[in-house]
Amino acid sequence: MVPFIYGIAIGNAMALFTLGQMAYYAGWFLKSKVGVRRPLVLTMVVTYHCNLDCEHCLIHDNLENIPEPHSISYEDALDEMRSFYDQGSRILFFEGGEPTIWKDGDKRLSDLIKAGKQMGYYVTGYTTNGTNVIFDDSDVISVSLDGPREIHDKIRAPGVFDDLMKNLEGIEHPNIFANMVVNRTNIDYVEETVGLVANSGKIQGIMLNFLTPPPKEIALSLDEKKKVVELALGLKKKGLPILNTTKALEEMLIEDYETLCPHWMSAFVTPDGTKFYGCPFVGSESCKECGFDAVREYRLITKGSYSAITQMSKRFALSRQ
Ligand code: SF4
C-alpha cells in the first residue's frame, strides 16, 4: 500500500512539475508576442578539443586561430549558466568540440549537467560523437551519426561507428537521438541510416540536417537537398523515426535563412565567454546556406505551429527527471 501511495504522490508531483514547465513556456511565448524576447535555449560550447578529426569539422584543424581559452572553467560555465537562467533560459545544451572530454580539475560534464538541474533548467542535453563516456544523467543525448559503419568511419575515423554502438549498448536511456549532417559523402545513405536508427533499440529517433558550409566542397546543391527532403518526407509518412517536423523539413529548402532565423531564441556561449545569438555562424555567409533543422523548428515554434510545439516540446523541452 505504501509504495502504491508513494507512486501516486510521485506521479502527481511529476504532473505538477510538467504543468509548471508548460505554464512557463506559455508565458515565454506570450511575452515574445509583445516584444519581450529572451533566449529559451542556452548552448554552452564547453571545449573546442575533440578526440576525433572529422571530415567536415571547422575547429580541429583551425584550433590555433581560435582565441584562448579553448575550454571553459567550471566556475565561468556556472556564471554563464546562472546569468542566462536569470534572463529566462530553461533548456541547456552542451557542445564542443567533444563535450564529454571537457574537464576542469575533478569536474566533468556530469557536474555541469547536475549544476544546470540544480539551477532550475528544465532540460539538459548534449551532443556527442559517442566514443568517450556517455553520461546518462542528461535528459537528452544527441549522438552524431553520419551513416552506416563504412560511411560513418569514412567521415570520422576507422572504428568510430563500432565504438559508438558499443557505448550505446551499455546504457539504458529514454531520449537518445541521432543527429545526421547530410552532405555529398553520405547523401546516398540517408534511408539506410534512418533504418539503422529504427532498428537500433537504443536510439529513439533521427534529426536530419544539411551541412552548413564551410566547407563548401561537400555541401549539397539545392536539387540534392530537394531529393533528401522528398525522401525524408516519404520515410516519415511510413512511420520511420525522423524527428524533424514536416514543416521544418520543407523549410530546409529555404537555404537563405538569415532574415528568418529567430536569433534571439537561442544563445551560444563559447569557452572564452563570447556570446552568439542564433548560432556561432551568425552574420556570416553560412546563414545564406543554413542547414540546421533546429532553427526551423524554433521559427515554427515562435509562429505558434502546433506540430512544432508539440513534437519538439515532447522530446526537448519537458524534463522527465
Ligand atoms: S547559420 Fe546560424 S545564425 Fe545563420 S541562419 Fe543558420 S542558425 Fe541562424
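**Helix packing and sheet pairing**

Me: At what angle do helix α9 and helix α10 pack?
Reply: Helix α9 (residues 293–302) and helix α10 (residues 306–317) pack at about 120 degrees, with their axes 8 Å apart. The model is predicted.

Me: Why are α9 and α10 called oblique to each other?
Reply: Roughly perpendicular covers 65 to 115 degrees and roughly antiparallel starts over 145. The angle here is about 120 degrees. The pair therefore counts as oblique, and its crossing is left-handed.

Me: What makes the contact of α9 with α10?
Reply: On α9 the residues are Glu-297, Leu-300 and Ile-301, and on α10 they are Ala-308, Ile-309 and Met-312. By class, 5 are nonpolar, none is polar and 1 is charged.

Me: How do the axes of helix α2 and helix α3 cross?
Reply: The axes of α2 (residues 74–87) and α3 (residues 109–119) come within 11 Å and cross at roughly 30 degrees. Angles under 35 degrees count as roughly parallel, so α2 is roughly parallel to α3. This crossing is right-handed.

Me: Which residues make that contact of α2 and α3?
Reply: From α2 come Tyr-74, Ala-77, Leu-78, Met-81, Arg-82 and Tyr-85, and from α3 come Asp-111, Leu-112, Ala-115, Gly-116 and Met-119. They divide into 8 nonpolar, 1 polar and 2 charged. Gly-116 is in the α3 part of the contact, and Gly counts as polar.

Me: In what order do the 8 strands form the sheet?
Reply: The order is β8-β7-β6-β5-β2-β1-β9-β10, in an open sheet with mixed pairing.

Me: What makes β8 and β10 the edge strands?
Reply: Each of the two, β8 (205–210) and β10 (275–277), pairs on one side only. Across this sheet, neighbouring strands are turned by 20 degrees against each other on average, direction ignored.

Me: What makes strand β5 and strand β6 a pair?
Reply: Pairing needs at least two bridges. Strands β5 (residues 123–128) and β6 (residues 140–144) have 4, in the parallel sense, so they count as paired.

Me: Where does α3 lie, and how does it run to β5?
Reply: Helix α3 lies across β2 (91–95) and β5, at about 155 degrees to β5.

Me: How many residues around the ligand are charged?
Reply: The shell has 9 nonpolar residues, 1 polar residue and no charged ones. Among the residues around the ligand are Cys-261, Cys-279, Cys-287 and Cys-290, along with His-263. Cys counts as nonpolar.

Conventions. Residues are numbered from 1 along each chain as its sequence is written. This is a predicted model: local features need pLDDT of at least 70, side-chain atom pairs count only at pLDDT 80 or more; totals for chains, interfaces and linings use all residues. Side-chain values use heavy atoms; hydrogens and water are left out. A residue is near a molecule or strand if one of its heavy atoms lies within 4 Å of it. Axes are lines fitted to C-alpha atoms, for helices over the stretch in contact, and angles run from 0 to 180 degrees between N-to-C directions. A crossing is left-handed if the near helix is turned anticlockwise from the far one by less than a right angle, and right-handed if clockwise. Contact means heavy atoms within 4.5 Å.
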